[in-house]
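Hi everyone, thanks for making time.

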Amino acid sequence: MVRTFRPFTAVLAVALAFAACQSASTPEPGVDVVATVGGTALRTIEPGLVFGANFGAWVGHDKLGTATRDLVKALRPSTGRFPGGNISNNYCWVTQKVSGNDHLVWEDWSWGTNVDQYLAFLKDIGAVPMFSLNPFDHTIDGQPHSAASEAAALAQLFVAEGFAGACYEVGNENDGSWNPMLSIDEYTDRFVLLVRAVKAVDPTARSMGPVVSSYNMAWITGFLDRLAALGETGLLDWISYHHYGGWISNSNANTIDLDDPQDLGEELTAVRNALAARGLGRVKIAVNELNAAIWDTGCARDQFTIKQGLWLADALGVSMGSASFPNAADAANVWIHLHPGTDPHSLLDSEADPPRPTRNYWPVALAAQTLSGPDPSLAVEALMVSFDTESSALTGYAVRKADGSLGVMLVNKTGQSLTVAVDLPAAPRSVAGRRLGLEEYNLGSGPVAVTVSITDRRAAVTLPATSIAGLDVR
């Protein structure tokens with residue numbers, strides 16, 4: 001649903017009137033908004049899981065060279081998902097063949113990336129596997145293939161390659177009519193079969209289900225309840241689902257909804273409550289595909305626009321944790337990293353030689369580098385950030401990194417420049433800032449330095465209209 005956006009001037013007037021009554025956060029002349037970063041941790045999280053990567057088996061392995069490695073590493077993932085999207089239910093990793101939904105004709109995909117090449121690339125970037133298992137038994141060239149046996153063999157390979165404890169999804173978008181269909185009960189039974197096979201090989205393996213295409217609570221709760229009926233909830237480590245901000249088509253007038261990342265936060269809260277109500281508070285949550293929208297063929301509305309960049313940064317911030325959603329996602333992967341540059345979801349244009357960043361690469365990179373340390377597997381503490389304005393105008397996220405420094409990200413969703421004063425937990429020695437606004441986004445050249453003034457515990461920065469800023473506080 002598209003919300004009615006209140007003019008920012010009205011929002012700001014109300015916010016500043018409220019702030020004037022507060023002793024802790026008093027705007028000074030020339031300051032439009034005050035943000036306060038708390039010193040108490042909301043939670044501890046591995047940031048590289050939130051900034052994890054999505055890879056596709058359809059990308060030629062020759063595209064996984066040094067240039068791609070360095071660009072992906074700059075996005076700071078600690079995990080990489082494969083074989084990618086809807087082919088997962090039709091992919092035989094043993095033969096490197098892919099079928100249609102009927103699993104009758106199997107095409108040779110040896111031109112793409114195979115599992116060995118995928119693992120080699122993960123080693124290059126310092127990430128661990130997240131694999132979407134094919135839940136279906138299948139027959140290729142008259143030879144039967146057992147899904148459980150192939151899952152076990154994959155786990156054996158991962159362990160042999162030093163990847164014990166890898167993540168294993170069962171299927172992809174199993175609620176979608178565009179994929180081979182199973183009922184909730186049928187899917188859950190296959191989940192149990194495959195996860196048992198994997199964990200028999202690697203007891204530290206992490207399982208993920210039901211991998212639904214959206215916030216589909218009927219499927220999520222049905223899956224949980226079927227597991228409980230089977231006495232198998234102990235097999236589940238993660239709930240996995242996807243979130244796309246909307247459907248944009250020539251048949252409608254939809255645009256990117258900049259309030260949608262907050263809807264994602266509400267979804268995550270609801271899923272976590274459903275887990276807690278079933279005594280499954282230990283189970284984590286992964287949003288393994290996310291982006292601002294799904295675009296219908298022939299519709300380019302809001303593709304590769306600064307609005308998409310703002311949505312991506314804001315959704316990743318929500319996933320890390322915020323004042324409104326303190327215990328958000330445990331993993332969240334943008335869909336997708338390498339893909340042709342004409343696809344609005346791509347972060348890297350896989351058709352370029354070598355692959356090069358698309359416009360949407362940079363807001364993800366700025367978010368990852370602001371809210372993660374150089375080693376994305378090292379935990380950070382998510383900190384509370386409070387504002388004297390509404391999330392429809394400005395959002396912000398902060399972390400304390402392993403070296404004690406802070407990262408603060410601000411997202412200005414409005415059509416006007418804002419000077420934001422950031423009250424910090426302690427007086428900093430230095431604050432360096434970078435920003436990505438409309439100009440930088442359209443150039444596709446990455447963030448630029450922005451001036452930050454410091455007075456005692458307060459850092460002030462001016463954000464252009466529709467822009468993102470990242471602060472490195474030391």
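Let me start with the second largest pocket: helix H10 (361-371), strand S24 (431-436) and strand S28 (467-473) each supply at least two residues of its lining. Helices (H or I, at least four residues) and strands (E, at least two) are DSSP runs, numbered from the N terminus. A pocket, on a 1 Å grid over the protein atoms alone, is an open set of points where a 1.4 Å probe fits, with protein on both sides within 12 Å along at least five of seven lines; lining residues have an atom within 4 Å of a point.

A word on what you see: this is a predicted model, where local features need pLDDT of at least 70 and side-chain atom pairs count only at pLDDT 80 or more, while totals for chains, interfaces and linings use all residues. Residues are numbered from 1 along each chain as its sequence is written, and side-chain values use heavy atoms, with hydrogens and water left out.

How confident is the predictor? On pLDDT, its confidence in each residue from 0 to 100, the protein chain averages 93, and 94% of the residues score at least 70. Over residues 1-24, though, the pLDDT is below 50.

Back to that second largest pocket. Its volume is about 270 Å³, taken as the space filled by probe spheres set on the grid points, which are joined across faces, edges and corners. Of its 20 lining residues, Arg76, Gln369, Ser372, Lys401 and Arg474 lie nearest the centre.

The largest pocket holds about 440 Å³ of space. Here 21 residues form the lining, and Asn86, Glu173, Tyr244, Glu289 and Ile294 lie nearest the centre. Strand S12 (residues 238-244) gives the most to this lining, with three residues.

Who are its partners? Two strands pair if DSSP finds at least two bridges between them. Strand S23 (residues 418-423) pairs with S27 in the antiparallel sense over six bridges, and Thr419 stands opposite Thr462 in S27. Strand S26 (residues 452-455) also pairs antiparallel with S27, over four bridges, with Ser453 partnered by Ala460. The hairpin of S26 and S27 has two residues between the strands, and Asp456 takes a positive phi near 55° there.

Notes: pLDDT = per-residue confidence, 0-100. Contact = heavy atoms within 4.5 Å.
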